[in-house]
Amino acid sequence: MTMTLSAQRSQYTNDAILSASPVRLLTMLYDRLLLDLDRASIAHGEQNWAVASSNLLHAQAIVGELTSSLKVELWDGGEGLLALYNYCRNLLVLANVRRDGASIRESIELLSPLRDAWHEAASQLAVPEPASPGESRELGVA
């Protein structure tokens, strides 16, 4: 049975998500969130309300997922991040209901630095490749 290109792409995406580490999933969510917001902003500029709304609704769902997975009790900044997520969710609702491009832009301005910070943190947590047989990495030498 041959898969269509669209089905193959969908399968690849599903596999990538299912095999991703929690850190990678977080960065993927932020990447998609900002992609949705960029698309919504472009659609808003073109007055394509259906596309803008679709992207804003998806962005709201991602912010909802980020909110629900946040464990505010585990670190001092948790409450502040929760407040930011709630504020952004409200901005996205207003952007959709009132067709307010300024709310979309403000969300992008608030969330872009967070995405960048999570990517930076993820890169610092990258696990080094395991040593090949016969090679010791205990002291950082071969």
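Predicted model: local features only at pLDDT ≥ 70, side-chain atom pairs only at ≥ 80, totals over all residues.

Q: Which residues of α3 and α4 make the contact?

A: From α3 they are Ser53, Leu56, Leu57, Ala59, Gln60, Val63, Gly64, Leu66 and Thr67. From α4 they are Leu82, Tyr85, Asn86, Arg89, Leu92, Val93, Ala95 and Asn96.

Q: And by class, how many are nonpolar, polar or charged?

A: The contact of α3 with α4 has 10 nonpolar, six polar and one charged residues.

Q: What's the angle between α3 and α4?

A: About 165°, with the axes 10 Å apart. Angles over 145 degrees count as roughly antiparallel, so α3 and α4 are roughly antiparallel to each other.

Q: OK, now α2 and α3. At what angle do they cross?

A: The axes of α2 (residues 22-45) and α3 (residues 49-69) cross at roughly 155° and come within 8 Å. α2 and α3 are therefore roughly antiparallel to each other. α2 passes α3 in a left-handed crossing.

Q: Which residues make that contact of α2 and α3?

A: On the α2 side they include Leu26, Leu29, Tyr30, Leu33, Leu37 and His44. On the α3 side, Trp49, Ala52, Leu56, Ile62 and Leu66 are among them.

Q: How many residues of the α2 and α3 contact are nonpolar, and how many polar or charged?

A: The contact of α2 with α3 divides into 15 nonpolar, three polar and four charged residues.

Q: You mentioned His44. Is His44 buried or exposed?

A: Buried: the relative accessibility of His44 is 19%, and the cut-off for buried is under 20%. His44 is found in helix α2.

Q: What does His44 touch?

A: Leaving out residues up to four places away in sequence, His44 touches Trp49, Ala52, Arg99, Asp100, Gly101 and Ile104.

Q: Change of topic. How many residues are in the largest nonpolar core?

A: The largest nonpolar core has 19 residues. Leu33, Leu37, Leu56 and Leu111 are those with the most contacts inside it. Helices α2, α3, α4 and α5 (101-124) each supply at least two residues of this core.

Q: Last one: what is Leu111 in contact with?

A: Setting aside neighbours within four places in sequence, Leu111 is in contact with Tyr30, Leu33, Leu34, Leu37 and Cys88.

Definitions and conventions: Residues numbered from 1 in each chain as written. Heavy atoms only, no water. Axes fitted to C-alpha atoms, helices over the stretch in contact; angles between N-to-C directions. Helix = DSSP H or I, 4+ residues; strand = E, 2+ residues; numbered from the N terminus. Parallel < 35°, antiparallel > 145°, perpendicular 65-115°, else oblique. Left-handed = near helix turned anticlockwise from the far one by under 90°. Contact = heavy atoms within 4.5 Å. Nonpolar A, V, L, I, M, F, W, Y, C, P; charged D, E, K, R; others polar. Core = buried A, V, L, I, M, F, W, Y, C linked by side-chain atoms within 4.5 Å. Buried < 20%, exposed > 50% of the residue type's maximum accessible area, 1.4 Å probe, protein only.
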